[in-house]
Amino acid sequence: MAMAIKLSLILLLCLSSLLAPSFSLFEDQVGLMDWHQRYIGKVKHAVFHTQKAGRKRVLVSTEENVIASLDLRRGEIFWRHVLGPNDVVDKIDIALGKYVITLSSEGSILRAWNLPDGQMVWESFLSGSKYSKALLTVPSNLKVDLDSPIFVYSGGCLHAISSIDGEYLWKKDFAIESSVDVHQLILSGGSDVVHAVGVTDSSQFDTYEIDVKNGGLLKHTSASFPGGVYGEILPVSGDRFVVLDASRSVVLLITVNNGATHLQQTHVSDLIHGSSENTVILPSKLSGIFSLRTDSCIVFVKVTDEGKLNVMEKVDKTVVVSDALALSEGEQAFALVQQGDSKIELSVRLVHDMSSNHLKETVKMDHERGFVHKIFINNYVRTDRSHGFRALIVMEDHSLLLLQQGEIVWTRDDGLASVIDVTTSELPVEKIGVSVAKVEHSLFEWLKGHMLKLKGTLMLATPDEVAAIQQIRLQSSQKNKMTRDHNGFRKLLILLTRAGKLYALHTGNGRVVWSTLLQSLRTTSQQQCAGLKLRQWQVPHHHALDNNPSVLVVGRCGLSLTSPSALSIVDAYTGKELQNLGPAEHSTVQVITLPFRDSTEQQLHLLIDADKRAHLYPTTPEAASIFQRESENVYWYSVESEAGILRGYGVKKTHSSEYSFEARNLWSIVFPAESEKIIATVTRKPNEVVHTQAKVIADEDVMYKYISKNMVFVATVSPKASGPIGSATPDESVLVVYLIDTVTGRILHRMTHLGSQGPVHAVLSENWVVYHYFNLRAHRYEMSVIEIYDQSRAENKDVLKLIVGKHNLTTPVSSYSRPEVTTKSQSYFFTHSVKAISVSSTAKGITSKHLLIGTIGDQVLALDKRFVDPRRSLNPTQAEKEEGLLPLTDALPIIPQSYVTHAFKVEGLRGIETIPAKLESTSLVFAYGVDLFYTRIAPSKTYDSLTEDFNYALLLLTIVALVIAIFVTWVLSERKDLQDKWR
Amino acid sequence: MITGTEYTRYDLDHSVPVFCTDPFSLSLQLLKMEKGKGVLGSRKWAVEFTDNSSTRDILDPPGFTRASPDQDDSSLTRQKKDAEANWKSQKAWEVAQAPFKNLMMMGFMMWMAGNTVHLFSIGITFSALWQPLSALQGVGKVFEPYKDNKVDLLAPKLLYIALNLGGMLLGVWKLNSLGLLPTHASDWVSSLSPAHEVEFSGGGAALY
C-alpha cells in the first residue's frame, strides 16, 4: 500500500515537472530582463505619403527585404513586413492613394498592401519567359474601363494589372519577337500609350508604343549603333534619352521623332575637360537634365530643344543627387547633398533654374555615420505658401535620418538590422569611493522602493502605486549602470554590422553605448570592403587590469577570397580604433583564435590565407616565441564544400618569415562527389566550459563522455537532394552525418539517414550533437541526437582505485592515442522548421542545458536537453525515472510558455548567441536578425540567487521584529524570575 | 557559581561561605540557602548506628545478651542487600534491553520514511545514527545506579553496547540505501573535470 502511494507520488512529481514549463514569464515581468529592438535595414527606396489630412508617413523598402511604413514625425514604425530572404523587393510605389504596391522576386510577385495598417490587399504572380530587369510604373490618374492599371515589366513581358484587385488586364510578351531588354517604361501624361524603351543585343535601340487598353503594339521604331551600350537608358524628356556607349567615353543622345530615331554622339571628354574614367549616368530623373559622374566630379548636362548638350554645373563627386520632385506649379526640384567635415550641406534646386539654390541648409552630422548614400526629398507647403522641403537621407552606416529646416528630426540606426558577428566585453570594475550623498540618496530610494513593494505584496497598494512599482522594476538604474555587476548580467554586446560599423550595446536596456565606423572597412570607389569576423583580442584579467579590453575585427577588401584582408583592433570601452593593421598584404579565409595568451593578455590568433599559409597575430616576438613553443600541437582544418573535401594541416617546421608559417597537409577526407555533398559543418563553441567528464546514469553507474574540442560535425546529402524540399524523391536522398576528429582526420562516427535531406541545422556541445533535418518518408522534420562516449575510460569503475587516485582520468589526452568511442543516438519528430539552433552556456557548465531553437516564426524556443536524450526509452525503469529520464515519445513537445521571446518576433532571425553570466544558473541570450532581442535564461531555474522581486524589506522587517520580540521576552522573563525569588 | 545543592553540603558542616558583601546579594544567597534546606528536607539520608565498634570495649548492661538479636539483625540486612542486588541486576538487564525496543521503532520509522532523500528520511537516519552514538558515550552513566560489587554489570553492558551498535548499523544501512554513502564509482568521479587535451585544432569553412 505504502509502495503504491509512493509510486503515485513520484509519478505525480514527474508529471508536474513535465507539465510545468521549465520557465515562463508573468505579464508584468516582460521587459524586466529582456529588450527587443525593431529595425528595417538599409533603405533602398522611399515613397512619401503626405496628404494634408491624416498621419504623414514614408514608405520604404530595404536591403533586408523589409517593407515598412514609418512615421515622418518620429521615425517610428507604423507597420512592417519582412519578406523572405529570396523575395528581394525591386520596386515600391503607391497606387490610388491607399495601396502600397511592391514588386519583388525579380519582378515575379506583385503585392498591394493597405496603406494605413499594412494588411495585404491582393497578390499577383507574374510569369515571364526569361530573366529581365523589373520595372514598375503606377500611373497617377489613368483610367481604363473603370480600372486603374499598373504596368509591370518583368520576365521579358509587359503586364497590365488592375490596381484594385490585382487582376490581369493584358500581357505583352516582347521576347517572342526579339530579345529586347526594356530599360524604361514611360507613360506620357494624358495619352493612352505606354512607351517601352529598350536595347536589343546591346546594339540596337528600340522604342515600342503600346496601347494601354489592350496591350496592342501601336508603333515600333529602332535604330542601331554598333558601339554597344553601357548601363541603363535614361529618359531626359518625353522623346529624348541618353545612354553611354560600351567604352564609357561617348554619350548617346537618342531622339525619337515621328517614328524615326536619331542618334547623336558626344564625347564625355568634350563635356568634362580632364580625366573621365569610370563614367556613369546617374539614375536621377530630372526633366531636360541628366547627370554624369566620373572619377573626379559630377556634371549636370542640359539637353536643349535643339539637341545640344550644355554643361550646367560641375560639382564634387561625393555629392549625392535625389530624384526630381514635381512641385505644384509644374516645376521640378531636386536635392544635392554635399559632404563636409562633420557636417553636410543640403541644397535644393529647381530644375528650370539651376543657377541658384532654392534652399541651402547646413546640418551637423556625426562623422561616425560616414558619407551620405541616398537622398529622397519631399516638399510641404508652408503657411506663407512657399515650399518647404524635408529630406530623408541614408548614410554609409545604413542609418536613416530625416532632415527638415536644417535640423535632424529623427535618426534610426538601421545598420543594426544586418549584424554579422557578435562578441561581448565585460564592463569596467566599479571604483570605490562613491560620494556619501549618492549612497544616502540611493539608500532612501531603495527603502522607498522596497516599502512600495511590500505594500504591493500585502495587497495594500493603490493602482497608482502598482504602476509606480512596475515603473521602478522596469527602469531599475541598477541594470543600466556602466560598471560590472556581481552576477555578470551587465555586459557590452559588441556587434559588427554589414556596413562595417561596430556598435556596443548595453545588455541592461539595449542602448547604444558607442558606435564606430571602422576606417579599415570603409568601402571606397576602388574596393568594396566588408567585415568578416569579430573576436576578443584582449581580455584583461590579472596582469593587465589597467588596460581596456579590446576586440579584433577581421575584414576583407574586395570580393574574392584572395582579396587582401583588413584588420583593426578596437577598444571595447570607448570604441576607438587602437590599431589599424590593414590592409594586410595577405588574404584571410579563416580566423582561428588560439588558446594562448601573451603577458599582456592578448589572445594569439592565426589567420589562414587563401594559399594555406598561417599568419600569427599579434606580431610581437613574445607571441612568436609562445607559438613556436606550442606549434607542434597546433593544427587546423579546412572544409571545401564545393569540392567535398576536408583537409587537415599542421605547421611546417620551416617558416617563411617570423610571423607567417607554411602548412603541411596531414590528412584529407574526400567525400564521393556523386553521392555526397557537404551542406553543414558545426564545431563546439571554443569558450564552452564543461564541468565534468563523467555522466552518472541510473543505478549509480558511470559513463565517460568523449569531450574533445577538436571534433567537427559534418552533414552531407546526395547531390540530387541538395535542392529545396520536394526536389528529390525519398529514394534518391540520403543524409549522412559524421563526427570527425580534426587533429587526425579520424571519423569517430558515421550515420546514414535514408530518405532524408537538408537543410541541416546542428549544434555541438560537450559530447553531444543535435541536428535538425527533413524526413521525406515521414513528410516531417526530425531532430536527432548523437552522444559520444569514451570507451577507453569505461573501466575506471573500481571505487578503491578511484579513492586512492589510481586512474587515468586526469591524464592529458591526445587524439593520436585513438580512444575507443561508442555512441548513442535517437531521433524525434519536430513540428517546426528551424532557422538556427544554439545551446545555453553557463560559467561553470554545471547547470543543465537548454537548446535554443530559432523557429520559422522568428521566435526562439527553449527546449530542455532532457527531451533529446538518447537514453530515453518507452518504459523507463524506476531508477531511470528517478534519474529524471523521460519516457520516449515520437515527437518533441513544444510548450508555448517556453518561447524565450514570449510575445516578440525577431524578424529575419539569423543567429542566437549565448553568453555565460557570472551566476552559474544563468545564461544570457542574444538573438539577432532584422530585429535584436536579448534576455537571460536559467535552465535549472535560479537556484543560486533570490529572485529579482524578493522582498528584502519584508525580510529586514521580520528580523527586526524578531530581535525586538527576543528583547521583550527576555526582560519579561527576568522580571518574572525576580518576582518568583521574592515570593 | 555556587548552586543550591552545593550549599546543602556546606550546610551540614555549618560553614556557609559568603563571598558577597552586597546586602542584596547576601539576602539572595540566604534565600538560596533556605531553598537548599527545603531540598534537604525532602532528601533521604541516614545516620549509621549499627557500627558499634567503639562500644565493644564497654561491658554490656546487666541482663543484656548480645548474641541472638545481633545475628538476626545482620541476616536481615543481608537479605535486604541480596534483594537489592537482585533488583539492581534485574534493572540493569532491563536497561540493557531498552535499545532493542528503540531499534524496532527506528526500523519501523525507517521503513515508513522510504528510500527517497527528503527532510523526513534524512532526519530519521541521522537520529538513528546519533542516538546509538550518544548512548554509547554514556554507557557508564546509564549503568551507574546499578553499580554494586555484588552485581555483574558486564553482560548487560555488552548487550547494551551490541544493541546500540546494531542500531547504528541500521542507520548506516539506511544511509546507504538512501544513496548517501560514497560507495559507487560515480561518487568519486562525478565532479572530475575533463582531461586536458594535448592538441589544439581550429578552422572550418572559408569565410564569405
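A:His398 lies in the loop between strand 32 (387-395) and strand 33 (400-404) of chain A, where strands are DSSP runs of E of at least two residues and helices runs of H or I of at least four, numbered from the N terminus. Phi of A:His398 is near 70°, a positive value in a residue other than glycine. This is a predicted model, in which local features need pLDDT of at least 70 and side-chain atom pairs count only at pLDDT 80 or more, while totals for chains, interfaces and linings use all residues. Residues are numbered from 1 along each chain as its sequence is written, chains are lettered from A in the order in which they are written, and side-chain values use heavy atoms, without hydrogens and water.

**Backbone of chain A**
- Most residues other than glycine have a negative phi, and most peptide bonds are trans.
- A cis peptide bond, with omega near 0°, runs from A:Tyr617 to A:Pro618, and A:Pro618 sits in the loop between strand 45 (614-617) and helix 5 (621-630) of chain A.
- The bond from A:Gly758 to A:Pro759 is also cis, with omega near 0°, and A:Pro759 belongs to strand 56 (residues 756-765) of chain A.

**Where the chains meet**
- In chain B, 32 residues are in contact (heavy atoms within 4.5 Å) with 52 residues of chain A.
- The two chains bury about 3,700 Å² between them, 64% of it on carbon and sulfur atoms; buried area is the accessible area (1.4 Å probe) lost on putting two parts together, summed over both.
- On the chain B side, B:Glu199, B:Phe200 and B:Leu207 lose the most area to chain A, together 20% of what that side buries.

**A helix pair in chain B**
- Helix 4 (residues 119-137) and helix 6 (residues 154-177) of chain B pack at an angle of about 155°, with their axes 8 Å apart; axes are lines fitted to C-alpha atoms over the stretch in contact, and angles run from 0 to 180 degrees between N-to-C directions.
- That makes helix 4 of chain B roughly antiparallel (over 145 degrees) to helix 6 of chain B.

Definitions and conventions:
Parallel < 35°, antiparallel > 145°, perpendicular 65-115°, else oblique.
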